[in-house]
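Colleague: Before I use these descriptions, I would like to know what stands behind the terms. Could you take me through them?

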Amino acid sequence: MRVVTLLAALICALSAWISLAQAFEIEAEATYGNASASERLKIISTADIDLFAPVIEAFAGTDAGLAVDYTVVSSSELMRAIYDGGGPYDLAISSAMDLQTKLSNDGLTRAHGSAATDLVPGWAAWRGHVYAFSQEPAALVISPSAFDGLEVPRTRQELITLLRDHADRFRGRVATYDIAASGLGYLFATQDARASETYWRLTEVMGNLETRLYCCSGQMIEKVSTGEIAVAYNVLGSYARARTDLADRIQVIELADYTTMMLRTAAILRDAQNPDRAGAFLDHLIRAAWGPEEVPYYPFTRYPAETTHDNVTYRPIRLGPGLLVYLDAMKRSRFLYSWQDAMRSVP
Amino acid sequence: MTAPEQASGSIRRRLIIQLVAAAAVLTAALFVVVINLARNVAQDTQDSILMASVTSILDSLSAREGEIAVDIPYAALSMLGNVSEDRVFYRILADGTVLTGYGDLPDIDQLSLGRDGAYQTDDFAGEAIRMASAQRQLSVDGAPVLVTVSVAQTRAGQRETVAQIARLGMLIGSAFFLASVVFAIVTARRAVRPLRDLAGAVSRRGPKDLRPVRGPVPSEMAPLVTSLNGFIARLGFSLSRSEDFIAEAAHRVRTPLSTVRTQAEIALRRVEKPENRAALKEMIRAIDESSRAAGQLLDHAMVTFRADQLERTDVDIAALASDLVDRLGPVADLRDISIEMDAKNGPVVSGDAILIENALRNVLDNAIKYSPTDCEIQVSVEAQDREARITVRDHAGGFPPGIMSMTDRFSRGTNAEGTVGSGLGLTIAHEVMEAHGGRLSLQNMGDGACVSLHFLLP
């Protein structure tokens, strides 16, 4: 009995040590600029290194006395890293707008203001803490070969009609996010549900066609490019466009009834060791995104900052406490239940 | 204008200070009221939005399969984001246990939690928050469960609103205050203007202007003007009475004096003892002096009377001066004094011939009186540059410095200080010239005095 207790205590201590040492899962790491420099700017981010390297290099290249440590994690791991104090990071960059909002709402970020932040439109910033530096559409990605002879849908209604009318052709060849596994997929789904009742009908139609669920946009883009998947819904358009190597095998469509725009955001962390450099890098991002001149290292498509007659279909997700609603555990489980219910629906 | 003897403060300054002080107090009070109002309104606004959020969450609660289902509406929290960019917290309790949300939000003050919910200000996550809470009974499997929903928000937006209103209030208050200061200065100036106008009207008057003050004055000043006019009337009456009295006295003294002089001359012829003769001569001289003084007093009374109602005719002053020189010639001859008359041309002035003659006579009289024997007096009449001038020049040693410096010493009331003989004569000449709109000038030249009567030609 005593031995068991001791063993249990040992296991507990061991597991605690392990979790302390590796509180969160790192996907990739890289250092830019002068790697041996004593001054370091530590960025934790959900953005792929390949996508983001040019913009960091443009910043790190300006100062030989600075090293930029760039750590890529998933959005949920990013939250864990910051909430558990897993690493002394200066700047958090994430596509999970809801989590970034929660981070700021819980007081883990600090305010930043400069001449550059004045460039940011009001709807693309929150509390002077969280600043958006991209607009990325939730797009429809299709395989042109699979659509041979069919008209490409321009709205969700047309997509529903198309999938219904050609159920046999599309059965098993429709893809979307597994919103239980992907934070971004969940964010897109909740925004869709808020935007239109059509979304639930679309979900049911997709459920009938044995839609395959993926964790990430990258996988869906790959599958579409091979023709295994004919149509993928709510894929991150910026990633699809970045795959210039697949340009002739995929087609990116921004639906005309509305297109949800995800805003990638950055916030300086409350416990930042180097807040000045973090602010400078944030300004660098903001100028690239909203500044008057387009810069070559900016990895995203620039969309207009103002809503005009031509771009009314773009609906940027609004930063603010509204996003906290879908993070509520009970709300989330309820939404997931409804969604999975719709996806499971049997003809 | 001379400074008042004892100025006990200024009405204008007192008015300005009182008005400005009142404006300052009012401005400060207004500012405080506005700030409090702004604070209350901002607080009420935040409270009502928080409670709207709480209510919408409460409405979304339902009991399902033996459990409480919570489906927070998107608007419940996003509406808070519409008002300000404040941090938002919420908590849902079922019978005291946390269902969802920020479990470590402050405890609710149960006493104040009535049917309409409760509000409280507290500290959470290092910031001041405002929290609204309300309750609802749900029936779960037939058993009542009390669900409490709280929604809280930090107060930066509210503070910013109040600060903005405070800045605006400060701006408006300052403008209001500045306007009040300007207004106070203008008002005070206006209020004392009738007083200054009255003072100006009185002080601009000539020395003999004893007319009552006319013209409209504010009712507050009417008693002052009435008593001032009463005073002026009494002063005028008493002045004219004393002048009458002096003239009467001089007249009454002169007639017996001439009798006494005649008797003295008769006595002089009879007396032979040299010491008696000397005494009589001295007596006659004293009688002459008294007679002359009485004559001057009479002249002065006459001048005062006539100057008020000047009878203007065209007067040839050269002819007038020649006549006078001829008439005074014998008197001068007695002392071996010759008077030379030099009239270059005959200027004609508009004036009272009797007064002008009187003035010139007094001046000549003085010259003769003070000149030593066996010398000359020059009288000249000339006109040049719109001015006619009669100048009397003697060789009597000139004026003592005291008289020289002041012509205004001849004015009424102060002439008693001067030498009676020449002072009164010059006063008469001065008053005559003043009544004619001219002037009298005194100068010392060489070994004598030079007195000029200046007339303005039309």
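Modeller: A residue is called buried if 20 or more other C-beta atoms lie within 10 Å of its own, exposed if 12 or fewer, and partly exposed in between, with C-beta atoms placed from the backbone. The model is predicted: local features need pLDDT of at least 70 and side-chain atom pairs count only at pLDDT 80 or more, while totals for chains, interfaces and linings use all residues. Residues are numbered from 1 along each chain as its sequence is written, and chains are lettered from A and ligands numbered from 1 in the order in which they are written.

Colleague: What makes helix α4 of chain A mostly covered?

Modeller: Eight of the nine residues of α4(A), 97–105, are buried. They are A:M97, A:D98, A:L99, A:Q100, A:T101, A:L103, A:S104 and A:N105, so each of these has 20 or more other C-beta atoms within 10 Å of its own. After the helix comes A:G107, with a positive phi near 80°. Helices here are DSSP runs of H or I with at least four residues, strands are runs of E with at least two, and both are numbered from the N terminus.

Colleague: How do you know that strand β7 of chain A is mostly covered?

Modeller: The count for β7(A), residues 130–142, is 13 buried out of 13.

Colleague: Which strands does β7(A) pair with, and what makes them pairs?

Modeller: Two strands pair if DSSP finds at least two bridges between them. Strand β6(A), residues 125–126, has two bridges to β7(A) and runs antiparallel to it. Strand β12(A), residues 259–269, is joined to β7(A) by seven bridges, again antiparallel. With β10(A), residues 231–236, the antiparallel pairing covers four bridges, and with β11(A), residues 251–253, there are three antiparallel bridges. Each of these counts reaches the required two, so each is a pair.

Colleague: Which residues stand opposite each other in these pairs?

Modeller: A:V130 stands opposite A:W126 and has A:A267 as its bridge partner in β12(A). A:A139 faces A:V235 in β10(A), and A:I142 is partnered by A:Q251 in β11(A). The hairpin of β6(A) and β7(A) has three residues between the strands, and A:R127 takes a positive phi near 60° there.

Colleague: What makes a group of residues a nonpolar core?

Modeller: A nonpolar core is a set of buried Ala, Val, Leu, Ile, Met, Phe, Trp, Tyr and Cys residues joined through C-beta atoms within 7 Å. The largest one has 118 residues, and A:L91, A:A92 and A:V141 have the most contacts inside it. Its largest share, nine residues, comes from β7(A). Apart from this core lies another of 36 residues, including B:V303 and B:I377.

Colleague: How do you know what A:L91 touches?

Modeller: Two residues are in contact if their C-beta atoms, placed from the backbone, lie within 7 Å. Leaving out residues up to four places away in sequence, A:L91 touches A:I43, A:A266, A:I268, A:L269, A:A278, A:F281 and A:L282.

Colleague: Which elements of chain A touch chain B?

Modeller: In total, 16 residues of chain A are in contact with 17 residues of chain B. Helices α12(A), 322–325, and α13(A), 329–344, each supply at least two residues of that side of chain A; the largest share, four residues, is from α13(A).

Colleague: What makes β9(B) and β13(B) edge strands?

Modeller: The open sheet has five strands in the order β9-β11-β12-β14-β13 of chain B, with mixed pairing. β9(B) and β13(B) each have a single partner strand, so one side of each is left without a neighbour in the sheet.
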